[in-house]
Amino acid sequence: MMTDGVNTRELALNILLQIEKEEVPCHVAVRQTLEKYQFLPKQDRAFITRLCDGSVEYQIQNDYVINQYSKTKIHKCKPVIRALLRMSVYQIRFMDSVPDSAVVNEAVKLAARRGFFPLKGFVNGVLRSIVREKDHLTFPGREEGLTRYLSVRYSMPEFLVEEFLEQYSEEETEKMLASFLETHPTTIRINRFRNTEEETLRSLEKQGVTVEKAPYVKEAWYIRGYDHLNRLSAFLQGRFQVQDVSSMLVAHAADPHPGDTVLDLCAAPGGKSLHMADRMLGCGFVQARDLTPYKVDLIRENVERSGLTNVVPEQWDATVPDEGWRKKADVVLADVPCSGYGVIGKKPDIRYHASKNRETELIHLQKKILENAAEYVKEGGILVFSTCTVNKKENEENLWWFLEEFPFEPVSLDDCLPEELRSEETAKGYLQLLPGVHKCDGFFLAKLRRKEDTDE
């Protein structure tokens, strides 16, 4: 596919190589490329996005297919050939609008263009074999072992499959794995301060955007059929923020009041901070912190677009204590860095970086941030601890540890949740959302109040 001299398949190949060689997150690599090639038509941009996301999402399953028809196993192939085979097999299996012959021919041409002329025959042979057999491919069955079956069926590393099965039922695990491979619309939160729902929806629909109500939260909506957010007037005017429904529940749980002092320790890109400020009707003060200048710039960009003047971005390492905030905050948000297992559907490459060592490092980091967060909450004030993972070691186990170590008590979430999300756990102050089981990302949140008159 060529547009103004740009080969979209070659752009996709470059993105996949960047993901593998430089470990750049898939969504970041795609976004950076599309920003560079903004002149490309909507159809080409959508093609590149789907091809890259799909190739990463289905990598394990497609590698299984390739290994059945290639004498050289996929992990032994040169990086360029490996990426070419993966993206080509994804097109052959999942992109019906692309003729198989075109996929094979373009892969062979790209191999030659990248200096692998002697491997043209290998690429051609493997792909043509898969084209011939694509309606008769075989995969491991349940009888060959549940872990192996689920790993290949849902393209998930066996390490994660085993971890999910240890912590959740087989049914819940399979629902989560299936959800990660589904396409979901963009979720937005309509700002309510100095803005109305009607104005925002009218603006979006006028620009041809399909809008549908999202569950759980009154300000949550789905949007489809747009090309780029920066071309939507309602976005540029700060009428809405892209934010998952699960993340919106944090501000509902925190329930800040106008005039409150709020500290968000890991705020980028700023959605929760802005939601808090919006609920505070622009009054009070929200300090939105994050670790790096890049992340703080993301917060600042969203703050400026929103027009909310009571949110102040600041660079700060959340693991470093700040005595100036000791017992100063009415509300502290600790949305701590985590494994991200709840958002694999949006960030598919997360699955390939999972390990026990990484989990152990993250749990240590989370505890350090929570230790500092505890010091910033006023007596009687609220701490909301949240993650975008479904890993109980990072969620419930960290919660029990925190309640043993610090003078806080859980607060029921039932008053701030729709009835369908209430349970024995929410009455005890915490909520675990599971993709595929709930209509949102995987997410954990706990609401805690600092006890009054504690001896220190």
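1. A contact here means heavy atoms within 4.5 Å. The model under review is predicted. Among contacts in the chain between residues at least 6 apart in sequence, 74% join residues at least 24 apart.

2. On overall dimensions, the radius of gyration of the chain is 24 Å; this agrees with the value near 23 Å that a compact globule of 456 residues would have. The C-alpha trace spans about 75 × 50 × 40 Å along its principal axes. The secondary structure consists of 18 helices and 14 strands.

3. Concerning burial and surface, 55% of the 456 residues are buried. The chain exposes about 20,300 Å², of which carbon and sulfur atoms supply 48%. The chain carries 61 positive and 71 negative charges, and their mean positions lie 7 Å apart.

4. Most peptide bonds are trans, and most residues other than glycine have a negative phi. Against this background, the peptide bond between Ala 268 and Pro 269 is cis, with omega about 0°. Pro 269 belongs to the loop between strand E7 (261–264) and helix H14 (271–279).

5. Ser 155, which is not a glycine, has a positive phi near 50°. This residue sits in the loop between helix H8 (146–153) and helix H9 (158–167). Its relative accessible area is 0%, so Ser 155 is buried.

6. Lys 327 is likewise not a glycine and has a positive phi of about 55°. The loop that holds Lys 327 runs between strand E9 (311–315) and strand E10 (329–335). Lys 327 counts as partly exposed because its relative accessibility is 26%.

Definitions and conventions:
Residues are numbered from 1 along each chain as its sequence is written. This is a predicted model: local features need pLDDT of at least 70, side-chain atom pairs count only at pLDDT 80 or more; totals for chains, interfaces and linings use all residues. Side-chain values use heavy atoms; hydrogens and water are left out. Helices (H or I, at least four residues) and strands (E, at least two) are DSSP runs, numbered from the N terminus. The radius of gyration is taken over C-alpha atoms; the globule rule is 2.2 Å times the number of residues to the power 0.38. Buried means under 20% relative accessible area, exposed over 50%, partly exposed in between (1.4 Å probe, protein chains only). Accessible areas come from the Shrake-Rupley method with a 1.4 Å probe; for residues, only the protein chains shown count as cover. Lys and Arg count as positive and Asp and Glu as negative; His and the chain ends are not counted. The place of a charge is taken as NZ of Lys, CZ of Arg, CG of Asp or CD of Glu.
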